[in-house]
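Here is a friendly walk through one protein chain, from its overall make-up to a few packing details. Keep the viewer open and follow along.

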Amino acid sequence: MKKFISLVLSISCAAMLLTGCGNEGKDQTDNKKSMTASDSTESESSSPDSTNSKGNAKEANSDDNYKIGIIQFVQHEALDEANRGFVDGLAEAGYIDGENITINQQNASGDQSNAPSIANTFVNDDVDLILAIATPAAQAVANATQEIPILVTAVTDPAEAGLVESNEAPGGNITGTSDLSPVKEQIDLLKEFVPDAQKIAILYCTNEINSKLQADIAKEAAKELGMEAQDYTVSNSNEIQQVTESLVGKVDAIYAPTDNIISAGMQTVTQVSTPNKIPVICGEEGMLPRGALATKGINYYNLGKQTAAQAVKILNGTSEPANMPVEYIEDVEFKYNEEVLADLEMELPAGLK
């Protein structure tokens, strides 16, 4: 009997030992698997490709699109064309809205108070790249993020506007294209149309930093041609008519630089200037359909496409804003409004025919 009890006890102990060994082996296997998964996660999280580092677009997942936010300050021909050129330029490079990218288009309607909320929406949506069209829009997104890559366009001098460290070496998460107009050539054009001009008005909005920059260049160019230039400024669109009326009888011509508020309100300007036979020479051709007489300016559609080429470099990871100089367009086109020329009872200068 004792031998039988000893045998039972021996078998029970052996079974317990085998069970314990089995659990221990399983625990070790589970621990190993857990460590492997942890190591894999740690390795992936430390990979530079998966990091949304400053000035670089995030790597898109294979089943996800890039998200691009576009903020346009106000609607008028020049900015509309820059926007269209950007979207078309991306499509030509294979980045097509609704297929492998998603574009969120927003317009601040010329109200600076709208721009920050749009910018913050893009940041909260974690977009991969932002395009800001015009200086107030660019300043709003610059204040909203220092991480998401930002491209600006239709900004005369990004450095002067406080957007980049320098136009040659931006140094942060912002770069883009400048719409710096050939201001001196535009003042020369004014003199060609109105050779006897003695006094000219420079009409712009004081809230746009880059308009002031162009106004200073214009005044110097006018002085070199023996003309006196005086600033006539507005702070918003509601002041345009009154300010334009105030210059009637005081000037021989008006120069309007690439100013968004004046461009959008050009029809208000010319409703006063044209009947009073005061020609308006402008900074970009988008003002011509609203009654301006002539310009020598850049092509904003091409400017948008040039900005798209920068976006492609950022999206495909070959470059980042900090190392991408602000770019310019050198080609200048002469355009004029033939109907306005007739209304002003003027003739096209011989040198422009």
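Helices here are DSSP runs of H or I with at least four residues, numbered from the N terminus. Please keep in mind that this is a predicted model. By that rule, Thr270 falls in helix H9, which covers residues 266–273. Is Thr270 buried or exposed? With a relative accessible area of 7%, Thr270 lies under the 20% cut-off and is therefore buried. Setting aside neighbours within four places in sequence, Thr270 is in contact with Pro275, Val280, Arg290, Gly291 and Ala292.

**The chain as a whole**

Stepping back, the protein chain holds 11 helices and 11 strands. It has 353 residues, of which 46% count as buried. If we take contacts between residues at least 6 apart in sequence, 73% of them join residues at least 24 apart.

**The sheet**

Five strands make up an open sheet in the order S2-S1-S3-S4-S5, and the pairing is parallel. S2 and S5 are the edge strands, each pairing on one side only. Ignoring direction, neighbouring strands of this sheet are turned by 15 degrees against each other on average.

Two of the pairings can be followed residue by residue. S1 and strand S2 (residues 101–107) run parallel and are joined by 7 bridges, with Tyr66 standing opposite Ile101 in S2. S4 and S5 also run parallel, joined by 4 bridges, and here Val155 stands opposite Ser178 in S5. S1 itself is mostly covered, since 6 of its 7 residues are buried.

Helix H10 (residues 300–315) lies across S1, S3, S4 and S5, and runs at about 165 degrees to S4.

**A covered helix**

How many of the 10 residues of H4 are buried? The count is 7, so H4 is largely enclosed by the rest of the structure. The buried residues of H4 are Thr135, Pro136, Ala137, Ala138, Ala140, Val141 and Ala142. Their cover includes strand S1 (66–72), H3, strand S3 (129–133), strand S4 (150–155), strand S5 (174–178) and H6.

**Two helix pairs**

Two packed helices are described by the angle between their axes and the distance between the axes. The table gives these values for two pairs.

| Helix pair | Angle | Axis distance |
|---|---|---|
| H3 (residues 114–124) and H4 (residues 135–144) | roughly 45 degrees | within 8 Å |
| H5 (residues 183–193) and H6 (residues 209–224) | about 45 degrees | 9 Å |

Let us start with H3 and H4. Their angle of roughly 45 degrees makes H3 oblique to H4, and the crossing is right-handed. On the H3 side, the contact is made by Ala115, Pro116, Ala119, Asn120 and Val123, and on the H4 side by Pro136, Ala140, Val141 and Ala144. By class, these residues divide into 8 nonpolar, 1 polar and no charged.

Now for H5 and H6. At about 45 degrees, H5 and H6 are therefore oblique to each other, and H5 passes H6 in a right-handed crossing. H5 contributes Val183, Lys184 and Ile187 to the contact, while H6 brings Gln214, Ile217, Ala218, Ala221, Ala222 and Glu224. The contact of H5 with H6 has 6 nonpolar, 1 polar and 2 charged residues.

Definitions and conventions. Residues are numbered from 1 along each chain as its sequence is written. This is a predicted model: local features need pLDDT of at least 70, side-chain atom pairs count only at pLDDT 80 or more; totals for chains, interfaces and linings use all residues. Side-chain values use heavy atoms; hydrogens and water are left out. Axes are lines fitted to C-alpha atoms, for helices over the stretch in contact, and angles run from 0 to 180 degrees between N-to-C directions. Helices (H or I, at least four residues) and strands (E, at least two) are DSSP runs, numbered from the N terminus. Angles under 35 degrees count as roughly parallel, over 145 as roughly antiparallel, 65 to 115 as roughly perpendicular and the rest as oblique. A crossing is left-handed if the near helix is turned anticlockwise from the far one by less than a right angle, and right-handed if clockwise. Contact means heavy atoms within 4.5 Å. Ala, Val, Leu, Ile, Met, Phe, Trp, Tyr, Cys and Pro count as nonpolar, Asp, Glu, Lys and Arg as charged, and the others, Gly among them, as polar. Buried means under 20% relative accessible area, exposed over 50%, partly exposed in between (1.4 Å probe, protein chains only). Two strands pair if DSSP finds at least two bridges between them.
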